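Let's take a friendly walk around a protein and its ligand. Have the sequence and the 3D view ready as you read.

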Amino acid sequence: MIRKHLTKDIYIADAAVHVFNGKLYIYPSHDEDTGVPEDDLGSHFDMRDYHIFSMEDIDTEAVDEGVGLHIKDIPWAGRQLWDSDAAYKDGKYYLYFPVKDKTDIFRIGVAISDKPEGPFVPQPAPMIGSYSIDPCVFKDDDGSHYMYFGGIWGGQLQWYRNNKALQCGVLPEDHEEALCAKVARLRNDMLEFDETPRDLVILDENGQALLQGDNERRFFEASWMHKYKGKYYFTYSTGDTHKICYATGNKPYGPFTYQGVVLNPVSGWTTHHSVVEFKGKWYIFFHDVEISGVTPLRSIRYADLTHREDGSIETITVDYP
Ligand code: FUB
């Protein structure tokens, strides 16, 4: 079942959703029309703050809890507060956010609060060794936290190989292995990587890494991880083919094997999502532009998500009028 948009009051995108204290908390990007023209690098996504939302139940109204973090309070930030995620450990909430630094390079920062809705207080510097965008923080059953991140084109992932900046960013050729999302375990204090980020490799049905030219299946951005019946499900956007796909594996690091499409293209260029279990049922939160009609002003909605008996996920399609 495709459900309603969370709000028409402001534009929100890039839903990261978690259950904290028995409620749903939604950590979205906040789209605003700041007059920056659209380009292939996403300069029009010129976000300046995060509004955090909560929902008591899956059918109740989403409550705007106000601004949890503003770009003016991040000492090292330049512009573009993109997709964030949140995590909880030992009485503290952590908000992970990508923002361009003052030299226009995306880094990932951490901010801390006593409450899930913030306000969050940012650390004075970005995470050491962080780069690119779209952090997703996943807590495994043993209490370890892992960050998945990365995004190509405007997300700058093509500027790096082996975690080192290239002199000049370049995508692999179509016949070469695709650029991978990255995964790293977080340190116990949740503030830094505990290891060098690794490639999250997605294999095809023959055990071969997906190729860069496989635009229908290869990773572009918008990592998310959930675990279902002991299996790790990595879900992500294919970007220029506008799908949310999934790949499964037996370890948080993978390798993962491509399985199929979770969400067919929605209205608007970008697609982004999170998967959450709430009161024994599974949901996908995602955004589209049905309300605004323009790519830079997105709105979050949600749908029921079904894992079939064999572990596969039913593909969701939004039928627009
Ligand atoms: O919201 C800005 C960017 O657009 C996100 O970081 C991407 O995942 C895409 O949704």
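This is a predicted model: local features need pLDDT of at least 70, side-chain atom pairs count only at pLDDT 80 or more; totals for chains, interfaces and linings use all residues.

Residues are numbered from 1 along each chain as its sequence is written, and side-chain values use heavy atoms, with hydrogens and water left out.

**The ligand**

Which residues are around the ligand? They are Asp14, Met47, Trp82, Asp83, Ile133, Asp134, Glu221, Thr270, His272, His287 and Arg298, where "around" asks for a heavy atom within 4 Å of the ligand. By class, this shell has three nonpolar, three polar and five charged residues. Here Ala, Val, Leu, Ile, Met, Phe, Trp, Tyr, Cys and Pro count as nonpolar, Asp, Glu, Lys and Arg as charged, and the others, Gly among them, as polar.

| Side chain | Distance to a ligand oxygen atom |
|---|---|
| Asp14 | 2.5 Å |
| Asp134 | 2.5 Å |
| Arg298 | 2.7 Å |

On its own the ligand has 280 Å² of accessible area, and the protein covers 99% of it; such areas come from the Shrake-Rupley method with a 1.4 Å probe.

**The pockets**

On a 1 Å grid over the protein atoms alone, a pocket is an open set of points where a 1.4 Å probe fits, with protein on both sides within 12 Å along at least five of seven lines; lining residues have an atom within 4 Å of a point.

Where does the ligand sit? The ligand takes up the space of the second largest pocket, meaning that more than half of its atoms lie within 2 Å of the grid points. That pocket holds about 330 Å³, a volume being the space filled by probe spheres set on the points, which are joined across faces, edges and corners. Its lining has 25 residues, with Gly42, Phe45, Glu221, Trp269 and Thr270 nearest the centre.

The largest pocket contains about 560 Å³ of space. Among its 22 lining residues, His18, Val19, Phe138, Lys139 and Met225 are the closest to its centre. This lining counts 14 nonpolar, three polar and five charged residues.

Terms used:
A polar contact is a pair of N or O atoms within 3.5 Å; within protein, one must be able to donate a hydrogen and the other to accept it, and residues adjacent in sequence count only if both atoms are side-chain atoms.
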